[in-house]
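Let's take a walk through this fold together, from the overall layout down to a few single residues. Have a look at the sequence and the model first.

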Amino acid sequence: MRLSQLIHGAGIERVEGFREVEVDGVAYHPENARDGNKLFACIDEYHQSNEWATSRAYLQELSTLPIVGLLTHEPIVGLEVPQLIVSDPRRAMGEVARLLANCPDRTLRVIGVTGTNGKTT
């Protein structure tokens, strides 16, 4: 999907350094961004191996990754990729993934089953 399509569909607030590129996926950890054409999302905190981590710990490594853009809440100086500025990168990452998957929620059927015994909530 073209970056301009994602910008329009995901409600991106501001873009710095725009250039049209193809985007195949989104990642928040460098290991998941190594196969190219990924947006890298700078998530403030996420849980990894029973510890809290932050994507910002990988900022120095970003210039070596084959990423095509960055989802962040503030611009990062020195990166030569388009930066999509959003107030909530985690939410934007989910919306980008939804768009890249061709909006499966539009055709997804949800069925609820209720009962009186055996429920935990």
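Along the sequence, the elements of this predicted model come in the pattern α-β-β-β-β-β-α-β-β-α. That gives three helices and seven strands, where helices (H or I, at least four residues) and strands (E, at least two) are DSSP runs numbered from the N terminus. Because the model is predicted, local features need pLDDT of at least 70 and side-chain atom pairs count only at pLDDT 80 or more, while totals for chains, interfaces and linings use all residues. Residues are numbered from 1 along each chain as its sequence is written, and side-chain values use heavy atoms, with hydrogens and water left out.

Now for the sheet. Five strands make up an open sheet with mixed pairing, in the order β1-β7-β6-β3-β2; two strands pair if DSSP finds at least two bridges between them. At the edges sit β1 and β2 (25-27), each pairing on one side only. On average, neighbouring strands of this sheet are turned by 25° against each other, direction ignored; the axes behind this angle are lines fitted to C-alpha atoms (for helices over the stretch in contact), and angles run from 0 to 180 degrees between N-to-C directions. Further in, β3 and β6 (residues 67-72) run parallel and are joined by four bridges. Ala41 stands opposite Leu71 in β6.

Which residues of helix α1 (residues 3-10) are buried? They are Leu3, Leu6, Ile7 and Ala10, buried meaning under 20% relative accessible area, exposed over 50% and partly exposed in between (1.4 Å probe, protein chains only). Seen down the axis of α1, these buried residues fall within an arc of 100°, so they line one face of the helix; the arc is that of the directions from the helix axis to the C-beta atoms. They pack against β1 (14-16), β3 (38-41), β7 (83-85) and α3. Just after α1, Gly11 takes a positive phi of about 65°.

Helix α3 (residues 89-100) holds Glu95, which counts as partly exposed because its relative accessibility is 23%. Leaving aside residues up to four places away in sequence, Glu95 touches Gly9 and Ala10, a contact meaning heavy atoms within 4.5 Å. Glu95 and Gly9 are 86 residues apart along the chain, yet 8.3 Å separates their C-alpha atoms.

Stepping back to the whole protein, residues 24 or more positions apart account for 48% of the contacts with a separation of 6 or more. Buried residues make up 38% of the 121 residues.
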